Amino acid sequence: MYVSRPRKGGGAPPEKSAGVRLARAVLSAVLRRRGALLALPLIYVSVMLLLVGRWGLEGASPAVMVGVAAALRRRPLQAPGSEYRSSELFEKLWPAMEADSNHTNALMNAWHQKPGHRWKPCLNFNNKTHTDLPPSNGYLIIEANGGLNQQRISICDAVAVANLLNATLVIPMFHFNSVWRDSSKFGDIFDEDYFINSLKNHVRVVKKLPEELLEKFDHNISSIINMRTKAYASPSYYLHKVLPILQELGAVRIAPFSNRLAQTIPPKMQRMRCLANFESLRFSEPIRSLAENMVERMVKKSRSLSSGKYVSVHLRFEKDMVAFSCCKYNGGREEELEMEREREKGWRGKFHRPGRIISPERNRRDGKCPLTPLEVGMMLRGMGFGNTTLVYIASGKIYNGKKYMAPLRKLFPLLETKETLASPEELAPFTGHSSRLAALDYTVCAHSEVFVTSQGSNFPHFVMGHRRFMYEGHSKTIEPDKKKLVLFFDNHKIRWDRFKKHMQDMLRHSDSKGFGVRKPNASLYKFPAPDCMCQKTDL
């Protein structure tokens with residue numbers, strides 16, 4: 001039986017204050033965990049409690065007690081750039097922005113050609129004809145999935161694989177995607193006949209399987225073996241795993257065919273990708289016709305202001321993109337709940353898997369959050385694009401558009417979209433088909449003097465690659481460093497002149513990075529040189 005020893009001098013031990021007991025508990029936890037850095041805030045609170053206990057709060061007013069409680073509950077300060085506070089900075093800087101007439105005419109002077117850095121399209125094919133092609137080893141059937149540019153990747157890779165295997169490529173099928181929800185077929189988006197004819201000297205392409213082969217598989221394409229090729233497979237994988245089956249059965253199917261070919265492949269295969277992407281995949285006539293009219297209208301509207309030059313912005317601030325990014329803006333708790341519902345609707349359970357940690361603050365600091373329309377507008381004004389600049393917005397339906405688009409319209413009143421450039425009657429055949437609408441945006445962006453990205457995805461990568469192919473190797477693209485941007489947007493002490501300097505430095509950086517050569521494992525669709533282009537000789 002345990003018996004406590006009496007203290008010297010007798011009497012009961014003095015009662016320890018709550019602050020002392022808490023301090024000891026915290027210190028004990030620190031020593032056990034050895035997490036000194038994590039424990040600093042707890043040590044601070046403990047010391048404050050000790051002081052409070054020493055000074056005593058007996059008799060303190062209720063207001064003081066409430067203030068102490070609130071101070072203890074207050075969240076620790078976040079690292080710079082963690083929170084969306086751009087709207088507050090805009091309110092502070094707007095008077096200076098509105099009064100500033102000292103624009104740098106950025107639209108006319110954004111880009112500079114470097115001597116010795118100019119490129120030209122150059123596919124380097126031998127002058128062979130379709131009669132030189134050896135007998136086909138069989139039919140290759142692929143299923144392209146995703147949005148417009150994910151489909152482009154699948155198609156270009158299929159052309160390269162068909163050439164490697166000496167297979168006859170069947171016009172690719174498009175998988176109906178639960179996110180994109182576009183039922184378009186290949187011929188609705190791309191010019192089928194042009195595709196077949198432009199590839200005829202390199203790859204046989206047919207619109208459908210021959211009747212005798214369909215009979216062999218009971219007129220059911222699903223009966224044809226699906227190879228389920230691994231992602232980023234090498235050419236040798238196709239030669240050793242796929243070719244024998246193709247020769248044995250006369251046809252193989254690969255579904256899905258998204259990212260099923262390695263980035264780095266032999267030059268001949270890369271040139272097949274080049275040919276398919278930059279030449280053969282021409283948009284269908286209805287898309288081409290309206291898109292060209294839209295470009296002409298943009299040029300006409302900007303002719304008196306900037307010699308026909310305009311800015312295009314790929315604004316990725318649709319509801320699904322905001323939800324997928326797991327970033328917070330200034331819509332409060334209501335916005336958070338709405339985004340949670342959207343995530344569950346589009347990606348059931350993906351964001352709640354065991355071990356997955358979502359940190360909106362870290363996402364923002366790491367530059368992973370889509371720029372808001374306001375942030376794009378502030379950046380462009382800081383770079384020297386005045387409020388008479390004609391700006392085209394390429395996007396789907398902007399999340400909470402009335403709220404988030406208002407400040408951008410305030411900064412750039414001459415704002416155009418598909419809906420303002422084309423009539424409802426012109427857009428009617430494309431409504432409800434996201435890939436066809438994206439093709440319209442793609443064309444208008446490709447022909448702008450300045451293209452602006454706001455979030456990484458296939459769309460800006462393909463547009464940048466096409467612009468490099470068209471503009472002597474220069475993408476003429478503003479690709480902002482969002483890790484730096486969020487720090488500027490979070491600095492509420494910054495003056496307008498300092499903000500402008502930072503933005504103009506960012507524009508110069510984009511200009512210097514406009515010329516780019518593909519590095520190993522980088523995308524040919526974003527960096528067509530040197531695989532699809534040859535360097536020009538400056539005279």
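## Close-ups of a predicted model

Among contacts (heavy atoms within 4.5 Å) in the chain between residues at least 6 apart in sequence, 79% join residues at least 24 apart. This is a predicted model, so local features need pLDDT of at least 70 and side-chain atom pairs count only at pLDDT 80 or more, while totals for chains, interfaces and linings use all residues. Residues are numbered from 1 along each chain as its sequence is written, and side-chain values use heavy atoms, with hydrogens and water left out.

Figure 1. Helices (H or I, at least four residues) and strands (E, at least two) are DSSP runs, numbered from the N terminus. Of the 539 residues, 47% count as buried; buried means under 20% relative accessible area, exposed over 50%, and partly exposed in between (1.4 Å probe, protein chains only).

**Figure 2. An open sheet of 5 strands, in the order β9-β8-β7-β10-β11.** The pairing here is parallel, and two strands pair if DSSP finds at least two bridges between them. Strands β9 and β11 sit at the edges, each pairing on one side only. Strand β7 (residues 311-314) pairs with β10 (residues 450-453) over 4 bridges in the parallel sense, and Ser 312 stands opposite Phe 451 of β10. β7 also pairs with β8 (residues 391-394), again parallel and over 4 bridges; there, Val 311 has Val 391 as its bridge partner. What covers β7? Both of its faces are covered, with Val 311 and Val 313 on one side and Ser 312 and His 314 on the other, all buried.

**Figure 3. Helices α6 and α20 crossing at roughly 90°.** The axes of α6 (residues 148-165) and α20 come within 9 Å. Axes are lines fitted to C-alpha atoms, for helices over the stretch in contact, and angles run from 0 to 180 degrees between N-to-C directions. The two helices are therefore roughly perpendicular to each other; that label takes in 65 to 115 degrees, with under 35 counted as roughly parallel, over 145 as roughly antiparallel and the rest as oblique. Where they meet, α6 brings Leu 148, Asn 149, Gln 151 and Arg 152, and α20 brings Ser 435, Ala 438, Ala 439 and Tyr 442.

Figure 4. Asp 441 lies in helix α20 (residues 434-446). Is Asp 441 buried or exposed? At 4% relative accessibility, Asp 441 counts as buried. Leaving aside residues up to four places away in sequence, Asp 441 touches Tyr 392, Ile 393, Ala 394, Ser 395, Lys 418 and Phe 459.

**Figure 5. A salt bridge between Arg 118 and Glu 472.** Side chains of opposite charge can pair when their charged atoms come close. A salt bridge here is a side-chain nitrogen of Lys or Arg within 4 Å of a carboxyl oxygen of Asp or Glu, and the structure holds 26 of them. In this one, the closest N and O atoms are 3.4 Å apart. Arg 118 lies in the loop between α5 (106-109) and β1 (119-121) and Glu 472 in the loop between α21 (458-470) and β11 (477-478), so the pair ties together parts 354 residues apart in sequence. Both ends are partly exposed, Arg 118 at 25% relative accessible area and Glu 472 at 22%.

**Figure 6. Asp 191 meets Arg 288 in a salt bridge.** The N to O distance is 3.8 Å. Asp 191 sits in the loop between α7 (186-189) and α8 (192-198) and Arg 288 in helix α12 (residues 285-306), so this pair ties together parts 97 residues apart in sequence. Asp 191 is buried at 16% relative accessible area, whereas Arg 288 is partly exposed at 22%.

Figure 7. Lys 301 forms a salt bridge with Glu 416, with 3.4 Å between the closest N and O atoms. Lys 301 is in helix α12 and Glu 416 in strand β9 (residues 415-416), so the pair links distant parts of the chain, 115 residues apart. Lys 301 is partly exposed at 41% relative accessibility, while Glu 416 is buried at 10%. Elsewhere, Arg 85, Glu 88 and Asp 490 are linked in a network of salt bridges.
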